[in-house]
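These are my notebook entries on one structure. I wrote down what I looked up, entry by entry.

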Amino acid sequence: MIELFPDSDIPVTWASVMAHSKKRFGHGFNRQMLSQKEWNGRKIIAEAFKEAKSVQKRLSNDSLPKYSNAHRSLLRKRIAELEAKNMALREELEEVRAQQIDELDVFLNTPRDIRLMVESFAEEASLPSSNVKKIGKSE
């Protein structure tokens, strides 16, 4: 039971051990009695408490950043802002890409007359359409 305290986010203290043992066994044992109780020459409650306490300390040390100061917190804040901006730009890029794909799909799936396209190209390039027709006929 005591070894499960750190995993269950129960503080590893003798008060919590006494409270949980009272709930489980229906009798309130004091700290001295629990810590001195031996089975086969081993004080298993005290050993379990010591192990759980070390696990709790290790978990709390692992969750905290090793070197925390004002400069690092400012850099972390800046990184978070840049990541948010990066995500927003990626979403915008995806929207633009989707719009371009839709436009390309409409263009590719719309039937067109090639002769009309050549004539309009010739008009835009200010070539006489007769030259374009001749080029088309010679091929």
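**Entry 1**

I started with Leu104, which sits in helix 4. Helices here are DSSP runs of H or I with at least four residues, strands are runs of E with at least two, and both are numbered from the N terminus.

Before going on I noted that this is a predicted model, in which local features need pLDDT of at least 70 and side-chain atom pairs count only at pLDDT 80 or more, while totals for chains, interfaces and linings use all residues. Residues are numbered from 1 along each chain as its sequence is written, and side-chain values use heavy atoms, with hydrogens and water left out.

The cut-offs are under 20% relative accessible area for buried, over 50% for exposed, and partly exposed in between, with a 1.4 Å probe and protein chains only.

I then looked for a patch around this residue. Leu104, Phe107, Leu108, Ile114, Met117 and Val118 make a nonpolar surface patch of about 570 Å². Patch residues must have over 30% relative accessible area and no salt bridge; nonpolar side chains (Val, Leu, Ile, Met, Phe, Trp, Tyr) are joined within 5 Å, and like charges within 9 Å. Which helices supply the patch? Helix 4 and helix 5 (114-124) each give at least two of its residues.

**Entry 2: The whole chain**

I counted six helices and zero strands in the protein chain. Read from the N terminus, the order is α-α-α-α-α-α.

The protein chain has 139 residues, and 12% of them are buried. Its accessible surface is about 12100 Å², and carbon and sulfur atoms hold 56% of that. Accessible areas come from the Shrake-Rupley method with a 1.4 Å probe, and for residues only the protein chains shown count as cover.

I also looked up contacts, meaning heavy atoms within 4.5 Å. Of the contacts in the protein chain with a separation of 6 or more, 36% join residues 24 or more positions apart.

**Entry 3: Helix 1**

Helix 1 covers residues 14-25, which is 12 residues. From first C-alpha to last it reaches 16 Å, close to the 16 Å expected at 1.5 Å a residue. The expected span is 1.5 Å times one less than the number of residues.

Which residues of helix 1 are buried? I listed Trp14, Ser16, Val17 and Ser21. They lie on the same side of helix 1, because they cover an arc of only 155° around the axis. The arc is taken from the directions from the helix axis to the C-beta atoms. Exposed residues Ala15, Lys22 and Lys23 are on the face turned away from the buried side of helix 1.

Ser21 counts as buried because its relative accessibility is 3%. Leaving aside neighbours within four places in sequence, Ser21 is in contact with Met1, Gly26, His27, Phe29 and Leu34. Gly26 follows helix 1 and has a positive phi, near 80°.

**Entry 4: Asn40**

I next looked up Asn40, in the loop between helix 2 (31-36) and helix 3 (44-63). Asn40 is not a glycine, yet its phi is positive, about 55°. Asn40 is exposed, with a relative accessible area of 82%.

**Entry 5: Salt bridges**

Side chains of opposite charge can pair when their charged atoms come close. How many salt bridges does a search of the whole structure find? It finds four. A salt bridge needs a side-chain nitrogen of Lys or Arg within 4 Å of a carboxyl oxygen of Asp or Glu. I wrote up some of them.

- Glu47 and Arg42 form a salt bridge at 2.7 Å, N to O. Glu47 is partly exposed at 37%, and Arg42 is partly exposed at 47%.
- Arg78 and Glu81 form a salt bridge at 3.8 Å, N to O. Both are in helix 4 (residues 70-109), three residues apart, about one turn of the helix. Arg78 is partly exposed at 47%, and Glu81 is partly exposed at 42%.
- Arg97 and Glu94 form a salt bridge at 3.5 Å, N to O. They are about one helical turn apart, because three residues separate them in helix 4. Arg97 is partly exposed at 43%, and Glu94 is partly exposed at 47%.
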